[in-house]
Amino acid sequence: METERAESMRKRTKFVEEKVAMTEGAIVEVAEEDTEANPPVSEQMEVYMSQILEKIDNFTQQVSELLESGKSYFKELSAEFEERVIAIHKEQMEKWQDEIKELRFLDASNEEINAMLHNAQLVLHNVHNDP
């Protein structure tokens with residue numbers, strides 16, 4: 001019975017280590033208990049150790065859940081950021097396109113007025129030279 005408990009604790013500790021090692025690069029180490037090198041422990045100590053191992057399991061689960069929720073949050077945030085940047089780009093491009101249209105209209109108007117002024121100068125020049 002004593003060796004069964006020690007073996008189950010060692011397996012549990014290894015399971016916790018594997019679980020912790022799987023969490024996205026988190027560097028957390030759980031010392032593996034070497035039950036063969038340690039003297040046998042009392043039943044009360046085994047209960048305390050089991051409680052600690054249970055706390056380790058719960059904490060590891062919380063960390064894993066936190067990592068997953070953090071990942072999904074950042075994915076959502078990243079998608080929103082990308083959409084907003086694209087929308088800002090689109091708005092700015094539309095503004096510049098409108099500016100280009102206005103400049104073309106202004107240029108066309110200026111060319112038309114310039115042509116009219118040039119014609120007026122020619123008429124005035126012809127009037128002065130025709131006595």
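Start with the whole surface. The accessible surface of this protein comes to about 11400 Å². Carbon and sulfur atoms account for 59% of that area. Keep in mind that the model is predicted.

Now colour by burial. The protein has 131 residues, and 8% of them count as buried.

Switch to a cartoon view. You will find 2 helices and 0 strands. Select residues 43–129 to pick out helix 2.

Next, show contacts. Take those in the protein with a separation of 6 or more: 60% of them join residues 24 or more positions apart.

Return to the surface and select V41, M45, V47 and Y48. What do these residues form? They make up a nonpolar patch on the surface.

V47 belongs to helix 2. Is V47 buried or partly exposed? Its relative accessibility is 37%, so V47 counts as partly exposed. The cut-off for patch membership is over 30% relative accessible area, and V47 has 37%.

Move on to the aromatic rings. How many aromatic pairs does the structure hold? There is 1. Select Y73 and F74 to see this pair.

Y73 is partly exposed, with a relative accessible area of 48%. F74 reaches 55%, so F74 counts as exposed. The cut-off for exposed is over 50%.

Notes: Residues are numbered from 1 along each chain as its sequence is written. This is a predicted model: local features need pLDDT of at least 70, side-chain atom pairs count only at pLDDT 80 or more; totals for chains, interfaces and linings use all residues. Side-chain values use heavy atoms; hydrogens and water are left out. Rings of Phe, Tyr and Trp (its six-membered ring) pair if their centres lie within 6.5 Å; planes under 30 degrees apart count as stacked, over 60 as edge-to-face and the rest as tilted. Buried means under 20% relative accessible area, exposed over 50%, partly exposed in between (1.4 Å probe, protein chains only). Patches are made of residues with over 30% relative accessible area and no salt bridge: like charges are joined within 9 Å, nonpolar side chains (Val, Leu, Ile, Met, Phe, Trp, Tyr) within 5 Å. Accessible areas come from the Shrake-Rupley method with a 1.4 Å probe; for residues, only the protein chains shown count as cover. A salt bridge is a side-chain nitrogen of Lys or Arg within 4 Å of a carboxyl oxygen of Asp or Glu. Helices (H or I, at least four residues) and strands (E, at least two) are DSSP runs, numbered from the N terminus. Contact means heavy atoms within 4.5 Å.
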